[in-house]
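Have the sequence and the model open as you read.

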Amino acid sequence: MSRGVESKVVFYQLGQKFLDEKEAASAEAGQVVYYSLAIGHHVGVIDCLRPILDCPLREFAAWLESWPEGPARSKLSGLLSFGEINIDASHVSMLAPALAEHAAFSEQVSQWAETLLQALRAIEAEPAIYLIGRRR
């Protein structure tokens, strides 16, 4: 923590697709657009991430401490250990049940869990979408 600013955890979601929504596009075309966004740094496209959740680091860490050891806790704890994590379609089936199970920790955590669950549902519907969690 620097100069009295409390550290926090921020989750960002790939939030923009470069597709004219006025015209119908095939599912395949949508997949190509999202795939291009997901690998954008390789093809010159910049990923447009938008913050969807920020929470105090101390409270986030306390919430994770209440989880049993396992892959879901380990994944989210990467924020504490490494400062950044990536959540993609391969993590949905692991994280969604754990978030739902541990949402009742507090009213605040319930809101965090619901926000993350909504993001996971978006990833499930469109697998090229992903989240980045960062410690700030």
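## Where α4 meets α5

In this predicted model, helices α4 and α5 sit roughly perpendicular to each other (that label covers angles of 65 to 115 degrees; under 35 counts as roughly parallel, over 145 as roughly antiparallel, and the rest as oblique). Helix α4 spans residues 71–82, and its angle to α5 is about 95 degrees, with the axes 9 Å apart. Axes here are lines fitted to C-alpha atoms, for helices over the stretch in contact, and angles between N-to-C directions run from 0 to 180 degrees.

On the α4 side, Pro71, Ala72, Lys75 and Leu76 do the touching, and they meet Met94, Leu95, Ala98 and Leu99 of α5. Contact means heavy atoms within 4.5 Å. By class, that gives 7 nonpolar residues, no polar ones and 1 charged. Nonpolar covers Ala, Val, Leu, Ile, Met, Phe, Trp, Tyr, Cys and Pro; charged covers Asp, Glu, Lys and Arg; the others, Gly among them, are polar.

## α5 against α6

Helix α5 (residues 92–101) also packs on α6 (residues 107–125), at about 155 degrees and with 10 Å between the axes. That makes the two roughly antiparallel. Their crossing is left-handed, meaning that the near helix is turned anticlockwise from the far one by less than a right angle (clockwise would be right-handed).

From α5, the residues involved are Val92, Leu95, Ala96, Leu99 and Ala100, and they meet Ala113, Leu116, Leu117, Leu120, Ile123 and Glu124 in α6. This contact divides into 10 nonpolar residues, no polar ones and 1 charged.

Histidine 102 is buried, at 14% relative accessible area; buried means under 20%, exposed over 50%, and partly exposed in between, with a 1.4 Å probe and protein chains only.

Pro127 lies in the loop between α6 and β4 (131–135). Proline 127 is partly exposed, with a relative accessible area of 43%. Its C-alpha is 9.7 Å from that of valine 92, 35 residues away in sequence.

Gln13 lies in strand β1 (residues 8–14) and is buried, with a relative accessible area of 7%. Not counting residues up to four places away in sequence, glutamine 13 touches Cys48, Leu49, Arg50, Ile52, Ala119, Ala122, Ile129, Tyr130 and Leu131.

## The chain as a whole

Stepping back, the chain has 6 helices and 4 strands, in the order β-α-α-β-α-α-β-α-α-β. Both are DSSP runs numbered from the N terminus: helices are H or I with at least four residues, strands are E with at least two. Of its 136 residues, 39% count as buried. Among contacts between residues at least 6 apart in sequence, 69% join residues at least 24 apart.

## Reading the numbers

Residues are numbered from 1 along each chain as its sequence is written, and side-chain values use heavy atoms, leaving out hydrogens and water. Because the model is predicted, local features need pLDDT of at least 70 and side-chain atom pairs count only at pLDDT 80 or more, while totals for chains, interfaces and linings use all residues.
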